[in-house]
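Me: I have a model open and want to learn how to read its features. Can you take me through them, starting with how the elements are defined?

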Amino acid sequence: MTDIVSEEESDTRLSLIDRLELVDQIGTYHIKGYSTTEIASLMDMQRTEIREYVTEFKLILNRQAESDPYFLERVQLNTI
């Protein structure tokens, strides 16, 4: 019984990691200027899903900016 629970927990962690990777990949496309329709076509997903991932990506960036006052400064230096 314990083995089954630990396997289920590891599956959940993998899906979370996969989801975070998708958020990052879709967010990167969004920052590069791809439209929602273009990203949906590239990723073979629905536009509504893409919008949700972009929203999550923006939330992650906002949290990073709020928790680290030098975050935006480092981003600015990397883009120059």
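Reply: Helices are DSSP runs of H or I, at least four residues, numbered from the N terminus. Keep in mind that this is a predicted model.

Me: What is the phi of Asp 44?

Reply: Start with the general idea. Most residues other than glycine have a negative phi. Asp 44 has a positive phi of about 55°, although it is not a glycine. The residue sits just after helix 2.

Me: Is Asp 44 buried or exposed?

Reply: The cut-off for exposed is over 50% relative accessible area. Asp 44 is at 72%, so it counts as exposed.

Me: Which residues of helix 2 are buried?

Reply: Helix 2 covers residues 36-43, and Ile 39, Ala 40 and Met 43 are its buried residues. Look down the helix axis. These residues fall within an arc of 100°, so they line one face of helix 2.

Me: Which residues make up the largest nonpolar core?

Reply: The general idea comes before the list. In soluble globular proteins, nonpolar side chains tend to be buried together. Here the largest nonpolar core has 10 residues: Val 23, Ile 26, Ile 39, Ala 40, Met 43, Met 45, Ile 50, Tyr 53, Val 54 and Phe 57. Helix 1, helix 2 and helix 3 each give two or more residues to this core. Helix 3 gives the most, with 4 residues.

Me: What does Ile 39 touch?

Reply: Leave out residues up to four places away in sequence. Ile 39 then touches Ile 26, Tyr 29, His 30, Tyr 34 and Ile 50.

Me: How many salt bridges does a search of the whole structure find?

Reply: The test is a side-chain nitrogen of Lys or Arg within 4 Å of a carboxyl oxygen of Asp or Glu. The search finds 1 salt bridge. Glu 56 pairs with Arg 19, with the closest N and O atoms 2.5 Å apart. The pair links distant parts of the chain, 37 residues apart: Glu 56 is in helix 3 (residues 47-67) and Arg 19 is in helix 1. Glu 56 is partly exposed, at 25% relative accessible area. Arg 19 is also partly exposed, at 35%.

Me: Which residues make the nonpolar surface patch?

Reply: Leu 16, Leu 20 and Ile 60 make a patch of about 260 Å². Take Leu 20 as one of them. Leu 20 lies in helix 1 (residues 2-31). Its relative accessible area is 46%, so Leu 20 is partly exposed.

Note on methods. Residues are numbered from 1 along each chain as its sequence is written. This is a predicted model: local features need pLDDT of at least 70, side-chain atom pairs count only at pLDDT 80 or more; totals for chains, interfaces and linings use all residues. Side-chain values use heavy atoms; hydrogens and water are left out. Buried means under 20% relative accessible area, exposed over 50%, partly exposed in between (1.4 Å probe, protein chains only). The arc is that of the directions from the helix axis to the C-beta atoms. Patches are made of residues with over 30% relative accessible area and no salt bridge: like charges are joined within 9 Å, nonpolar side chains (Val, Leu, Ile, Met, Phe, Trp, Tyr) within 5 Å. Accessible areas come from the Shrake-Rupley method with a 1.4 Å probe; for residues, only the protein chains shown count as cover. A nonpolar core is a set of buried Ala, Val, Leu, Ile, Met, Phe, Trp, Tyr and Cys residues joined through side-chain atoms within 4.5 Å. Contact means heavy atoms within 4.5 Å.
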